[in-house]
Amino acid sequence: MELASSLVEGANEDLIDLIYKFIRHTLLTADEEGQCKAYYALSRVLEEHAWFCSSQFIELVELLLGLKSTDDITLLKSRFACFHILLVHALKMSLEEENTKAFLILNEIILTLKNSKEEVRKVAYDILLVISSSLENSSSLSSEGSHQKLISMIMGYLSGSSPHIKSGAVSVLSVLVYKDANICTSVPDLVPSVLALLQGKAVEVVKAVLGFVKVVVSCLQARDLQSFLTDVLNGVLPWSSVSRNHFRSKVTVILEIVVRKCGSAAVKLLTPEKYKGFVKTVLENRHNSKGSSKEADDPEKEEKRPNASSRGSDFTSLRQQKRGHKELGFSPRKRKREKQPDGIGSGMKRVKKARHSNFRNHEKQTEGQARGSVKKNMKRSSRREATSRGDGERKKMAWKKQKKIHK
């Protein structure tokens, strides 16, 4: 397969047909590693030989869609590289059958956006950006119409019955708007069509739409955002009363961005009466947060506040000053205490002496009491020992007398 890929660039039609048969057989029978090489060879054929893409378009799309999609990143990138060339070709054509096949290709990419693995979703996002860039940068006269045709095809999924597909289509539009915000003005129905989905109750769709609105208000210039301001406020404010799934916080963030760009006066003027209380709360919180940030940035208060680094530098300079004194041969003398007046100084000394003498007398008394108690205890114990010894001797004498009598 590596040899076939290297021969693609300068091959004639007969050799390309032969290489394609080999690619087709490999895709249908080989393992993932072999399929990956076959996908790469096919993408090389489609890039180098546009005639082959036109003549075999229907068969190629049916072949690729008939193969099972995969979560392997390398294999998925090679597969989507083929889809990229086929989809761009279909969008530039106006044939009905090719448009149908283009929808099928786009459908697989959108479904991949809902994959649970982040790396797989990233591959789908990247290929959509590549497709969009290819249509925008094309030198063809119909390139602008082809790009808008891509947007219109994606918007067609917004009317689908599956929330899974709807939210995926909204995610695609978010990526494209983030890359080029002018899409919102070049396709005037785009923003109102997406905002209309907020009237439904599918959580998955509402999450995607609020994310789309955040991208729109962040990327559009203030003058362009003014034209969508009424639709945006009427669409997102009803979800400000729903706290689950962080809907309320998401609406708050959108409103703060709109206020920063369009001004609070314009927002208050276009806000429905029912939600003026919520908007007022958001504006007050924003004002308070700005006030606190100004206080934190006030240079005068920063000067008054003691700084740990300044304290450390003062301490370091003091140590260096002392070290310099020692090197010069003298050390700073300790300051003598100033003599206090005789009355105060002598009085304080007498008080200290009296306290000291009282403390010493107390210690002597306690020591005497302890010694006396020890002596008393010793006398008592000696008396008890003497009496016990006397009792023992008397008992022995009585026993001896009894023994003599019995004899």
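This is a predicted model: local features need pLDDT of at least 70, side-chain atom pairs count only at pLDDT 80 or more; totals for chains, interfaces and linings use all residues.
Colleague: Is Arg-79 buried or exposed, and how should I reason about Glu-108?

Modeller: The general idea is that a residue is called buried when its relative accessible area is under 20%. Arg-79 has a relative accessibility of 1%, so Arg-79 counts as buried, and Glu-108, at 13%, counts as buried too.

Colleague: How many salt bridges does the model hold when the rule is applied?

Modeller: The rule asks for a side-chain nitrogen of Lys or Arg within 4 Å of a carboxyl oxygen of Asp or Glu, and by this rule the count comes to nine salt bridges.

Colleague: Which residue does Arg-44 form a salt bridge with, and where in the chain do the two partners lie?

Modeller: Arg-44 forms a salt bridge with Glu-48, their closest N and O atoms being 3.5 Å apart. Both residues belong to helix 3 (residues 32-48), and because they are four residues apart there, about one helical turn separates them. As for accessibility, Arg-44 counts as buried because its value is 17%, whereas Glu-48, at 35%, counts as partly exposed.

Colleague: What can be said of Lys-122 and Asp-126?

Modeller: Lys-122 and Asp-126 also form a salt bridge, and here the closest N and O atoms are 3.0 Å apart. The two residues are four residues apart in helix 8 (residues 118-136), so they are separated by about one helical turn. Asp-126 has a relative accessibility of 33%, and therefore counts as partly exposed.

Colleague: Where is Asn-245 placed, and how do I read the accessibility of Asn-245 and of His-246?

Modeller: Asn-245 sits in the loop between helix 15 (229-236) and helix 16 (247-262), and His-246 is found in the loop between helix 15 and helix 16. Asn-245 counts as partly exposed because its relative accessibility is 28%, whereas His-246, at 58%, counts as exposed.

Methods
Residues are numbered from 1 along each chain as its sequence is written. Side-chain values use heavy atoms; hydrogens and water are left out. Buried means under 20% relative accessible area, exposed over 50%, partly exposed in between (1.4 Å probe, protein chains only).
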